[in-house]
Amino acid sequence: LDNNSYRDFRSKRASFISQFSFLEPVYIFFVMLDYRLQYIFKVVKKTNTDYIILDRYFFDVAVNIAVTLDWDKEKLIRFIRKELASYLIPEARFYIKVPPQISMERKSDIPNLEYIISRNSLYDAIAKEFNFIEIDGTSDLTITSSKILRDIDEISKSKKIIYIHSNNDDVGG
């Protein structure tokens, strides 16, 4: 999609959402039901492990909901704060930040630049609000992985959830 087509798509979607806004809680319920089942399988049932490392977590689900329902950053953060009580919050939260243009070059499944820019602003807000460790995703992969491993090594031996988000195949997404 070019940027104009994507803008048109978002405009039509926003119009549709506003017409059927009464269904928003139903949509959220089903999305979260699907996620809760995955969460139980991937996190809760892993009682015999020291670390759980995820590159997808509740924050990604929340961003998808926010993009679909055309929420602003503030509404997204309120939603996360409300829902996060139902989940273990990761002890270590890493945000591998890559400029949108580089993401476009590295990945083939991004429809256009505006798509990634809209998501980045939401991830930036989450990273700030929930104290993510920001890592430059344009750094050498060995530097990036060493930094993450060093930080993980400093975490106590109790069960922790590690969250690393990247939209790039070459750094973990």
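## Aromatic rings and a helix crossing

At 1% relative accessibility, Y57 counts as buried, where buried means under 20% relative accessible area, exposed over 50% and partly exposed in between, with a 1.4 Å probe and protein chains only. The model is predicted, so local features need pLDDT of at least 70 and side-chain atom pairs count only at pLDDT 80 or more, while totals for chains, interfaces and linings use all residues. Residues are numbered from 1 along each chain as its sequence is written, and side-chain values use heavy atoms, with hydrogens and water left out.

**Exercise 1.** Classify the ring pair of Y35 and Y57, and state which parts of the chain the pair ties together.

*Solution.* A pair of aromatic rings is described by the distance of the centres and the angle of the planes. Rings of Phe, Tyr and Trp (its six-membered ring) pair if their centres lie within 6.5 Å, and planes under 30 degrees apart count as stacked, over 60 as edge-to-face and the rest as tilted. The search of the whole structure finds 17 aromatic pairs. In one of them, Y35 and Y39, the centres are 6.2 Å apart and the planes 40 degrees, which is tilted. For Y35 and Y57, the centres are 6.4 Å apart and the planes stand at 90 degrees, so this pair is edge-to-face. Because Y35 lies in helix α2 and Y57 in the loop between β1 (51-54) and α3 (58-69), the pair ties together parts that are 22 residues apart in sequence. Helices (H or I, at least four residues) and strands (E, at least two) are DSSP runs, numbered from the N terminus. Y35 is buried too, with a relative accessible area of 8%.

**Exercise 2.** Describe how α2 and α4 are oriented, and which residues meet.

*Solution.* Begin with the axes, which are lines fitted to C-alpha atoms over the stretch in contact, with angles from 0 to 180 degrees between N-to-C directions. Helix α4 (residues 73-83) packs against α2 at an angle of about 50 degrees, with the axes 14 Å apart. The two helices are therefore oblique to each other, given that angles under 35 degrees count as roughly parallel, over 145 as roughly antiparallel, 65 to 115 as roughly perpendicular and the rest as oblique. Next, list the residues: E24, I28, M32 and R36 in α2 meet K75, F79 and E83 in α4, where contact means heavy atoms within 4.5 Å. Finally, F79 counts as buried at 8% relative accessibility, and among the residues that F79 touches are F58, A62 and W71.

Definitions and conventions. Lists of a residue's contacts leave out its neighbours within four places in sequence.
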